[in-house]
Amino acid sequence: MLLVNLSQNAHPEYRYLSRTLIEHIDTCLKQWQKTILYINKRGSHSSLVCTDCNHLFGCPACDHALSIHTHPPKLLCHICGHHENIPLTCSACHGTNLLQVGVGTQQLEQQISFLFPQAQVFRFDFDQMKQKKQKSEAIAHLHSADIIIGTKMITTGFDFKKVGLIGVILLEQELQIPVYNTEEKVYQNIKQLLGRWDRPDTETEVIIQTYIPENPIIDHICNANYKSFFQYTLKERKEFYYPPFCEIAWVEYRHLNEERARDFIARIYEKLQHEDTEKAYRIDRSLSPIKRYHQYHFHIMIRGENIRQFLGSIKDEILRNKGLIVKFGE
Ligand SMILES: [Zn+2]
Ligand SMILES: [Zn+2]
(Lines give C-alpha, C1' and ligand atoms only; values in the text may rest on other atoms or scores of the structure.)
(Ligands and ions follow the chains in the order given, each with its own letter.)
Protein backbone atom coordinates (compact mmCIF):
# COMPACT_ATOMS: atom_id res chain seq x y z
CA MET A 1 0.00 0.00 0.00
CA LEU A 2 1.24 3.42 -0.95
CA LEU A 3 0.32 6.58 0.87
CA VAL A 4 0.67 9.65 -1.32
CA ASN A 5 0.83 13.17 0.04
CA LEU A 6 -1.08 15.22 -2.52
CA SER A 7 0.45 18.50 -1.44
CA GLN A 8 3.83 17.26 -2.71
CA ASN A 9 2.84 15.04 -5.57
CA ALA A 10 -0.24 16.46 -7.32
CA HIS A 11 -0.46 16.84 -11.08
CA PRO A 12 -0.04 20.58 -11.86
CA GLU A 13 -3.47 20.85 -13.47
CA TYR A 14 -5.50 18.20 -11.62
CA ARG A 15 -5.18 18.80 -7.88
CA TYR A 16 -6.68 15.44 -6.94
CA LEU A 17 -4.55 13.23 -9.12
CA SER A 18 -0.99 12.53 -8.02
CA ARG A 19 1.81 11.74 -10.44
CA THR A 20 2.24 8.42 -8.62
CA LEU A 21 -1.39 7.44 -9.22
CA ILE A 22 -1.23 8.48 -12.88
CA GLU A 23 1.92 6.38 -13.42
CA HIS A 24 0.33 3.34 -11.80
CA ILE A 25 -2.85 3.67 -13.88
CA ASP A 26 -0.66 3.79 -16.96
CA THR A 27 1.16 0.60 -15.93
CA CYS A 28 -2.15 -1.15 -15.26
CA LEU A 29 -3.48 -0.26 -18.70
CA LYS A 30 -0.36 -1.64 -20.35
CA GLN A 31 -0.80 -4.91 -18.46
CA TRP A 32 -4.53 -5.16 -19.31
CA GLN A 33 -5.51 -4.82 -15.69
CA LYS A 34 -8.39 -2.93 -14.20
CA THR A 35 -8.13 0.22 -12.10
CA ILE A 36 -10.73 1.17 -9.52
CA LEU A 37 -10.82 4.77 -8.35
CA TYR A 38 -12.85 5.36 -5.22
CA ILE A 39 -14.36 8.61 -3.99
CA ASN A 40 -16.03 8.74 -0.60
CA LYS A 41 -19.73 8.99 -1.24
CA ARG A 42 -20.67 11.98 0.81
CA GLY A 43 -18.19 14.25 -0.81
CA SER A 44 -18.62 12.93 -4.24
CA HIS A 45 -19.45 16.23 -5.93
CA SER A 46 -17.74 19.53 -6.16
CA SER A 47 -19.28 22.87 -5.31
CA LEU A 48 -18.87 26.40 -6.59
CA VAL A 49 -17.12 29.17 -4.67
CA CYS A 50 -16.45 32.84 -5.54
CA THR A 51 -12.77 33.53 -4.93
CA ASP A 52 -13.39 37.30 -4.68
CA CYS A 53 -15.73 37.19 -1.67
CA ASN A 54 -15.67 33.46 -0.64
CA HIS A 55 -19.38 33.10 -1.32
CA LEU A 56 -20.37 29.44 -1.48
CA PHE A 57 -23.32 28.68 -3.74
CA GLY A 58 -25.84 26.98 -1.48
CA CYS A 59 -29.41 25.73 -1.72
CA PRO A 60 -32.04 28.37 -0.87
CA ALA A 61 -34.15 25.72 0.91
CA CYS A 62 -31.42 23.82 2.78
CA ASP A 63 -28.08 24.52 4.47
CA HIS A 64 -26.26 22.58 1.86
CA ALA A 65 -23.78 23.45 -0.85
CA LEU A 66 -25.12 22.97 -4.36
CA SER A 67 -23.24 20.36 -6.35
CA ILE A 68 -21.98 20.94 -9.85
CA HIS A 69 -23.32 18.53 -12.44
CA THR A 70 -22.00 18.59 -15.96
CA HIS A 71 -24.48 16.37 -17.85
CA PRO A 72 -26.63 18.45 -18.18
CA PRO A 73 -24.82 21.45 -16.70
CA LYS A 74 -26.57 22.63 -13.52
CA LEU A 75 -26.21 23.22 -9.81
CA LEU A 76 -28.18 20.64 -7.82
CA CYS A 77 -29.13 20.26 -4.14
CA HIS A 78 -28.68 16.62 -3.11
CA ILE A 79 -31.14 17.00 -0.27
CA CYS A 80 -34.25 18.58 -1.78
CA GLY A 81 -33.55 18.42 -5.52
CA HIS A 82 -33.52 22.20 -6.07
CA HIS A 83 -31.59 23.01 -9.24
CA GLU A 84 -30.46 26.07 -11.12
CA ASN A 85 -28.23 27.06 -14.02
CA ILE A 86 -24.50 27.33 -13.37
CA PRO A 87 -23.93 31.08 -12.92
CA LEU A 88 -21.22 33.09 -14.65
CA THR A 89 -21.04 35.74 -11.94
CA CYS A 90 -21.23 35.70 -8.16
CA SER A 91 -24.68 36.45 -6.78
CA ALA A 92 -23.14 38.21 -3.76
CA CYS A 93 -20.43 40.46 -5.26
CA HIS A 94 -20.98 40.10 -9.03
CA GLY A 95 -17.37 38.93 -9.38
CA THR A 96 -16.49 36.54 -12.16
CA ASN A 97 -13.78 34.45 -10.48
CA LEU A 98 -15.78 31.33 -9.67
CA LEU A 99 -13.91 28.17 -8.71
CA GLN A 100 -14.96 24.53 -8.44
CA VAL A 101 -13.83 23.01 -5.15
CA GLY A 102 -13.78 19.38 -4.11
CA VAL A 103 -13.57 16.49 -6.46
CA GLY A 104 -16.62 14.84 -7.97
CA THR A 105 -17.08 11.66 -9.92
CA GLN A 106 -18.05 13.55 -13.07
CA GLN A 107 -15.01 15.83 -12.99
CA LEU A 108 -12.75 12.88 -12.28
CA GLU A 109 -14.23 10.97 -15.19
CA GLN A 110 -13.49 13.90 -17.51
CA GLN A 111 -9.92 14.27 -16.26
CA ILE A 112 -9.14 10.56 -16.45
CA SER A 113 -10.65 10.29 -19.94
CA PHE A 114 -8.51 13.22 -21.01
CA LEU A 115 -5.31 11.74 -19.55
CA PHE A 116 -6.01 8.22 -20.86
CA PRO A 117 -7.94 8.64 -24.13
CA GLN A 118 -7.26 5.00 -25.06
CA ALA A 119 -8.93 3.60 -21.94
CA GLN A 120 -12.54 2.63 -21.41
CA VAL A 121 -13.58 4.72 -18.42
CA PHE A 122 -16.79 3.96 -16.61
CA ARG A 123 -18.36 6.05 -13.86
CA PHE A 124 -20.50 4.16 -11.41
CA ASP A 125 -22.50 6.27 -8.99
CA PHE A 126 -26.07 7.08 -8.08
CA ASP A 127 -26.58 9.60 -10.91
CA GLN A 128 -25.25 7.19 -13.46
CA MET A 129 -27.51 4.40 -12.25
CA LYS A 130 -30.52 6.67 -12.50
CA GLN A 131 -29.69 7.50 -16.09
CA LYS A 132 -28.99 3.94 -17.11
CA LYS A 133 -32.12 2.69 -15.39
CA GLN A 134 -31.05 -0.83 -16.25
CA LYS A 135 -28.73 -2.02 -13.55
CA SER A 136 -27.69 -5.03 -15.58
CA GLU A 137 -26.57 -2.80 -18.43
CA ALA A 138 -24.43 -0.78 -16.05
CA ILE A 139 -22.89 -3.94 -14.63
CA ALA A 140 -21.97 -5.17 -18.11
CA HIS A 141 -20.13 -1.89 -18.65
CA LEU A 142 -18.39 -2.30 -15.33
CA HIS A 143 -16.89 -5.62 -16.26
CA SER A 144 -15.56 -4.44 -19.60
CA ALA A 145 -14.16 -1.12 -18.34
CA ASP A 146 -10.43 -0.48 -17.89
CA ILE A 147 -10.94 2.23 -15.29
CA ILE A 148 -13.93 2.34 -12.94
CA ILE A 149 -14.69 5.51 -11.01
CA GLY A 150 -17.13 4.97 -8.22
CA THR A 151 -18.57 5.92 -4.87
CA LYS A 152 -19.46 3.62 -1.98
CA MET A 153 -21.67 1.64 -4.36
CA ILE A 154 -18.62 -0.16 -5.76
CA THR A 155 -17.43 -1.38 -2.39
CA THR A 156 -20.12 -4.03 -2.12
CA GLY A 157 -21.44 -6.79 -4.30
CA PHE A 158 -18.92 -6.87 -7.12
CA ASP A 159 -16.16 -9.30 -7.80
CA PHE A 160 -14.05 -7.82 -10.55
CA LYS A 161 -11.39 -9.83 -12.26
CA LYS A 162 -7.84 -8.65 -12.80
CA VAL A 163 -7.85 -5.60 -10.57
CA GLY A 164 -4.33 -4.20 -10.73
CA LEU A 165 -4.88 -1.00 -8.81
CA ILE A 166 -7.24 0.57 -6.29
CA GLY A 167 -6.92 4.30 -5.79
CA VAL A 168 -8.59 6.20 -2.97
CA ILE A 169 -8.80 9.70 -4.43
CA LEU A 170 -9.08 11.76 -1.26
CA LEU A 171 -9.32 9.98 2.03
CA GLU A 172 -10.32 13.00 4.09
CA GLN A 173 -13.29 14.02 1.97
CA GLU A 174 -15.60 12.27 4.39
CA LEU A 175 -13.65 13.17 7.51
CA GLN A 176 -14.90 16.75 7.43
CA ILE A 177 -18.43 15.82 8.42
CA PRO A 178 -18.83 16.73 12.08
CA VAL A 179 -20.35 13.52 13.45
CA TYR A 180 -18.69 11.72 16.33
CA ASN A 181 -18.33 8.39 14.53
CA THR A 182 -17.22 9.76 11.14
CA GLU A 183 -13.74 8.31 11.41
CA GLU A 184 -15.15 4.87 12.05
CA LYS A 185 -17.43 5.10 9.01
CA VAL A 186 -14.54 6.16 6.80
CA TYR A 187 -12.47 3.31 8.18
CA GLN A 188 -15.25 0.79 7.52
CA ASN A 189 -15.79 2.01 3.94
CA ILE A 190 -12.13 1.83 3.09
CA LYS A 191 -11.73 -1.56 4.74
CA GLN A 192 -14.72 -2.84 2.80
CA LEU A 193 -13.21 -1.56 -0.41
CA LEU A 194 -9.77 -2.97 0.25
CA GLY A 195 -10.96 -6.18 1.87
CA ARG A 196 -12.07 -7.52 -1.49
CA TRP A 197 -8.71 -7.28 -3.16
CA ASP A 198 -6.06 -6.54 -0.64
CA ARG A 199 -5.22 -10.14 0.18
CA PRO A 200 -1.79 -11.67 0.38
CA ASP A 201 -2.43 -13.82 -2.70
CA THR A 202 -3.33 -10.91 -5.00
CA GLU A 203 -1.03 -8.43 -6.62
CA THR A 204 -3.40 -5.49 -6.38
CA GLU A 205 -1.64 -2.23 -5.62
CA VAL A 206 -3.44 0.20 -3.34
CA ILE A 207 -2.78 3.93 -3.41
CA ILE A 208 -4.32 6.25 -0.85
CA GLN A 209 -4.13 9.96 -1.62
CA THR A 210 -4.43 12.57 1.09
CA TYR A 211 -3.56 16.10 2.07
CA ILE A 212 -3.38 15.11 5.76
CA PRO A 213 -0.91 12.19 5.98
CA GLU A 214 -0.44 12.86 9.70
CA ASN A 215 -4.06 11.94 10.62
CA PRO A 216 -4.01 8.84 12.90
CA ILE A 217 -6.76 7.11 10.92
CA ILE A 218 -4.40 6.85 7.95
CA ASP A 219 -1.86 4.97 9.97
CA HIS A 220 -4.51 2.49 11.10
CA ILE A 221 -5.72 1.90 7.55
CA CYS A 222 -2.25 1.55 6.08
CA ASN A 223 -1.26 -0.96 8.70
CA ALA A 224 -4.61 -2.76 8.36
CA ASN A 225 -4.74 -2.84 12.10
CA TYR A 226 -8.34 -3.06 13.23
CA LYS A 227 -7.37 -3.72 16.81
CA SER A 228 -5.30 -0.58 17.14
CA PHE A 229 -8.02 1.47 15.43
CA PHE A 230 -10.63 0.02 17.74
CA GLN A 231 -8.55 0.87 20.80
CA TYR A 232 -7.90 4.36 19.50
CA THR A 233 -11.59 5.15 18.87
CA LEU A 234 -12.66 3.54 22.10
CA LYS A 235 -10.24 5.75 24.00
CA GLU A 236 -11.59 8.84 22.23
CA ARG A 237 -15.16 7.86 22.93
CA LYS A 238 -14.41 7.28 26.59
CA GLU A 239 -12.61 10.58 26.89
CA PHE A 240 -15.43 12.55 25.26
CA TYR A 241 -18.23 10.41 26.76
CA TYR A 242 -19.90 8.75 23.81
CA PRO A 243 -21.37 5.26 23.28
CA PRO A 244 -20.61 2.55 24.36
CA PHE A 245 -19.79 4.49 27.54
CA CYS A 246 -23.28 5.99 27.64
CA GLU A 247 -26.54 6.07 25.69
CA ILE A 248 -27.14 8.85 23.22
CA ALA A 249 -30.30 10.46 21.86
CA TRP A 250 -31.27 13.58 19.96
CA VAL A 251 -34.41 15.61 20.45
CA GLU A 252 -35.16 17.48 17.27
CA TYR A 253 -37.63 20.25 16.55
CA ARG A 254 -38.34 21.63 13.10
CA HIS A 255 -40.43 24.55 11.95
CA LEU A 256 -40.70 26.91 8.98
CA ASN A 257 -40.20 29.88 11.29
CA GLU A 258 -36.66 30.04 12.65
CA GLU A 259 -37.47 32.11 15.75
CA ARG A 260 -40.34 29.86 16.68
CA ALA A 261 -38.16 26.77 16.35
CA ARG A 262 -35.39 28.39 18.41
CA ASP A 263 -37.77 29.45 21.22
CA PHE A 264 -39.45 26.08 21.31
CA ILE A 265 -36.22 24.07 21.58
CA ALA A 266 -34.95 26.48 24.24
CA ARG A 267 -38.06 25.77 26.30
CA ILE A 268 -37.61 21.98 25.91
CA TYR A 269 -33.94 22.35 26.83
CA GLU A 270 -34.80 24.22 30.01
CA LYS A 271 -37.43 21.67 30.90
CA LEU A 272 -34.99 18.79 30.47
CA GLN A 273 -32.36 20.56 32.57
CA HIS A 274 -34.95 21.18 35.25
CA GLU A 275 -35.99 17.49 35.23
CA ASP A 276 -32.38 16.38 35.54
CA THR A 277 -32.29 17.11 39.23
CA GLU A 278 -29.33 14.86 39.94
CA LYS A 279 -27.32 16.16 37.01
CA ALA A 280 -27.08 12.62 35.67
CA TYR A 281 -27.16 13.66 32.02
CA ARG A 282 -25.12 15.67 29.62
CA ILE A 283 -27.56 17.86 27.74
CA ASP A 284 -26.30 20.00 24.88
CA ARG A 285 -28.29 22.02 22.42
CA SER A 286 -27.49 23.43 19.01
CA LEU A 287 -27.67 27.20 18.88
CA SER A 288 -27.70 27.43 15.12
CA PRO A 289 -30.23 25.50 13.06
CA ILE A 290 -29.82 23.17 10.12
CA LYS A 291 -32.10 24.15 7.27
CA ARG A 292 -33.78 21.40 5.25
CA TYR A 293 -36.68 21.84 2.81
CA HIS A 294 -37.14 25.43 4.07
CA GLN A 295 -37.56 24.17 7.64
CA TYR A 296 -35.25 25.04 10.53
CA HIS A 297 -34.09 22.07 12.60
CA PHE A 298 -32.74 22.51 16.13
CA HIS A 299 -31.28 19.67 18.20
CA ILE A 300 -30.68 18.73 21.79
CA MET A 301 -28.15 15.97 22.32
CA ILE A 302 -28.56 13.90 25.49
CA ARG A 303 -26.00 11.46 26.87
CA GLY A 304 -26.34 9.28 29.94
CA GLU A 305 -28.08 6.13 31.18
CA ASN A 306 -31.76 5.21 30.82
CA ILE A 307 -32.48 8.06 28.43
CA ARG A 308 -35.87 6.66 27.40
CA GLN A 309 -37.07 6.85 30.94
CA PHE A 310 -35.69 10.36 31.35
CA LEU A 311 -37.43 11.51 28.17
CA GLY A 312 -40.74 10.42 29.66
CA SER A 313 -40.77 13.88 31.21
CA ILE A 314 -41.39 15.46 27.79
CA LYS A 315 -43.75 12.76 26.52
CA ASP A 316 -46.74 15.09 26.43
CA GLU A 317 -44.81 17.66 24.40
CA ILE A 318 -43.84 14.97 21.89
CA LEU A 319 -47.45 13.84 21.49
CA ARG A 320 -48.71 17.41 21.13
CA ASN A 321 -46.10 18.77 18.71
CA LYS A 322 -45.76 17.27 15.27
CA GLY A 323 -42.33 18.79 14.66
CA LEU A 324 -40.82 17.33 17.82
CA ILE A 325 -39.16 13.96 17.42
CA VAL A 326 -36.61 11.81 19.27
CA LYS A 327 -33.88 9.77 17.64
CA PHE A 328 -31.81 7.23 19.51
CA GLY A 329 -28.21 6.51 18.62
CA GLU A 330 -26.31 3.27 18.93
ZN1 LIG B 1 -32.07 21.87 -0.95
ZN1 LIG C 1 -18.40 36.96 -4.81
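The model is a predicted one, in which local features need pLDDT of at least 70 and side-chain atom pairs count only at pLDDT 80 or more, while totals for chains, interfaces and linings use all residues. Residues are numbered from 1 along each chain as its sequence is written, and chains are lettered from A and ligands numbered from 1 in the order in which they are written.

Of the 330 residues, 28% are buried, a residue being buried if 20 or more other C-beta atoms, placed from the backbone, lie within 10 Å of its own, exposed if 12 or fewer, and partly exposed in between.

Next, select helix 2, residues 19-30, whose 12 residues reach 17 Å from the first C-alpha to the last, close to the 16 Å expected at 1.5 Å a residue (the expected span is 1.5 Å times one less than the number of residues). Show Leu 21, His 24, Ile 25 and Cys 28, which are buried; seen down the axis of helix 2, the buried residues fall within an arc of 105°, so they line one face of the helix, the arc being that of the directions from the helix axis to the C-beta atoms. On the other side of helix 2, Glu 23 and Lys 30 are exposed. Among the elements covering the buried residues are strand 1 (2-5), strand 10 (163-168) and strand 11 (205-210). Just after helix 2, Trp 32 has a positive phi of about 55°.

Move on to helix 3, residues 105-115, where the buried residues include Leu 108 and Ile 112. The buried residues of helix 3 pack against strand 2 (34-38), strand 4 (67-70), strand 8 (121-124) and strand 9 (147-150).

The last stops concern the backbone. Most residues other than glycine have a negative phi, and most peptide bonds are trans. Select Pro 243 and Pro 244, joined by a cis peptide bond with omega near 10°; Pro 244 is in the loop between helix 8 (226-239) and strand 12 (247-255). Then go to the loop between strand 14 (290-292) and strand 15 (295-304), which holds Tyr 293. Phi of Tyr 293 is positive, near 50°, and phi of His 294 is positive too, near 70°. Tyr 293 is partly exposed, with 15 C-beta neighbours inside 10 Å, whereas His 294 is exposed, with 11 other C-beta atoms within 10 Å.

Methods: Helices (H or I, at least four residues) and strands (E, at least two) are DSSP runs, numbered from the N terminus. Two residues are in contact if their C-beta atoms, placed from the backbone, lie within 7 Å.
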